[in-house]
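Here is a walk through one protein model, from its aromatic rings to its cavity and its sheet. Keep the viewer open and follow along.

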Amino acid sequence: MKTIVLEQEVLEREIKPQALLDEYRRLLAREVQARLVTPNQLTPTACPGCCSDRGSAAFVKAGLTYVRCGECTSVYVSPRPSDAVLADFYRNSEAARFWRDRILRETRGVRREKVFRPRVEWLLGVVDEYRPDIRRAIAVGYHNDLLVEEIVRQERETFQIVVTNPLGDLEFAGIRHPRVTVHPSPVTAFASFGPADLVLLFDIVDRSADVEALFAAARDALVPGGLLLVSATLISGFDLQVLGDRSESIYPTERLNLFSAEGLTLLFERFGFEALEFSTPGTFDVEVVQRAIQADPAREWPRFIRYLIDHRDEAARSAFQRYLQEFRLSSFARLALRRLP
């Protein structure tokens, strides 16, 4: 199983402008509490990683409770809204419209260059190595328009791509390509679009209310030996371990599931997948912690972390980020999985 270390010159604020993010999170917190935190819309759940019900409340964000699993240490929202309720929220809430109309629009160019171009280069490299005769792929989840555009741009003789998410009619309005088909359907209802050689679960595992159904659909959609490519946010990553509930990366509805590396492994193995690559090629962990310390220097921080930030230079901090990548200790994970027979 591979672990990849990346050298990438990119700052988090390039992709996520702070002022826009602050406004988005303000809107999001207000609307989550107003629209989602109602007893008839919330259902208890076991750990999405190991299925254990041995969890304890860790913290509360926007009125929703995050639980820490007593077995695999994954963190997740429970009780939680359903995927149908979340789809309505993403379509109709003011926060979601702000995300689409302001943040996605104003960062489109930098996201294409810094996020989706390298992501597709990795994707196509995995396909060339493990499934070069691919004919059909299914892209599941929200905000996949740049991903699909970049696949088509880089792979001119591209395979057939089926895009499925509840907002497909909004996100792909006006986008046409002869090899791309868009189905505005629930995120867990894509098995019928198979058989497929490749399923893409980018930026959806964190926000899925029913991870079991999501992975079951991926297994059922794929042919034996087919590839499942996944991205996820790991609670076992450095910045989330240091910052905990103070992390700006932890907020509902986009972070319902924060797997530990161990919990994520248990999940994909339970559904009959083997890992070809499990990497945490994140580049922001140290930068995020550094900004948090600079914003609140009087707070008591772990002494080693404070020493690293205050007394070591950029070369040391960059080397430490590479260490986090090498040993799967960054909070951003990407996985190349293969369905077993």
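Two rings of Phe, Tyr or Trp pair if their centres lie within 6.5 Å, with the six-membered ring used for Trp. Planes under 30 degrees apart count as stacked, over 60 as edge-to-face, and the rest as tilted. By that rule this predicted model holds 12 aromatic pairs.

Start with Phe89 and Tyr90. Their ring centres are 6.3 Å apart and their planes meet at 75 degrees, so this pair is edge-to-face. Is Phe89 buried or exposed? Phe89 has 1% relative accessibility, so it counts as buried. Tyr90 has 7% relative accessibility and therefore counts as buried too.

Next, find Phe215 and Phe271. Here the centres are 6.2 Å apart and the planes 45 degrees apart, which makes a tilted pair. Phe215 sits in helix H8 (residues 211-221). Phe271 sits in the loop between helix H10 (261-270) and strand S10 (273-279). The pair therefore ties together parts that are 56 residues apart in sequence. Both Phe215 and Phe271 are buried.

Aromatic residues also gather in a group. One cluster consists of Phe238, Phe304, Phe320, Tyr323 and Phe327.

Arg119 lies over the face of Phe202, 4.8 Å from the ring centre. Arg255 does likewise with Tyr251, at 5.9 Å from the ring centre.

Now look for empty space. Rolling a probe the size of a water molecule over the atoms shows where such space is left. How many cavities of 30 Å³ or more does the structure hold? It holds one. The largest cavity contains about 90 Å³ of space. Its lining has 14 residues, and the closest to its centre are Tyr90, Ala96, Trp99, His143 and Arg207. Tyr90 is the buried partner from the edge-to-face pair above.

Which helices supply at least two residues each to this lining? Helix H2 (18-36), helix H3 (83-92) and helix H4 (94-106) do. H4 gives the largest share, with three residues. By type, the lining divides into eight nonpolar, two polar and four charged residues.

Turn to the sheet. Strands of a sheet pair through backbone hydrogen bonds, either parallel or antiparallel. This open sheet has four strands in the order S1-S2-S3-S9, and the pairing is antiparallel. Its edge strands are S1 and strand S9 (257-258), each of which pairs on one side only.

Follow the order from S1. Strand S1 (residues 55-61) runs antiparallel to strand S2 (residues 64-69), and six bridges join them. Across this pairing, Phe59 stands opposite Tyr66 in S2. S1 and S2 form a hairpin with two residues between them. In its turn, Ala62 has a positive phi of about 55 degrees.

Step on to the neighbour of S2. Strand S3 (residues 75-77) pairs with S2 over three bridges, again in the antiparallel sense. Here Val67 stands opposite Tyr76 in S3.

Finish with Gln294, which is found in helix H11 (residues 285-295). Gln294 counts as exposed because its relative accessibility is 53%, and the cut-off for exposed is over 50%. Gln294 and Ile309 are 15 residues apart along the chain, and their C-alpha atoms are separated by 9.1 Å.

Definitions and conventions: Residues numbered from 1 in each chain as written. Predicted model: local features only at pLDDT ≥ 70, side-chain atom pairs only at ≥ 80, totals over all residues. Heavy atoms only, no water. Buried < 20%, exposed > 50% of the residue type's maximum accessible area, 1.4 Å probe, protein only. Lys NZ or Arg CZ within 6 Å of the ring centre and 35° of its normal. 1 Å grid on protein atoms, 1.4 Å probe; cavity = no way out; pocket = protein on both sides within 12 Å on 5 of 7 lines; lining within 4 Å. Points joined across faces, edges and corners; volume = space filled by probe spheres on them. Nonpolar A, V, L, I, M, F, W, Y, C, P; charged D, E, K, R; others polar. Pairing = 2+ DSSP bridges.
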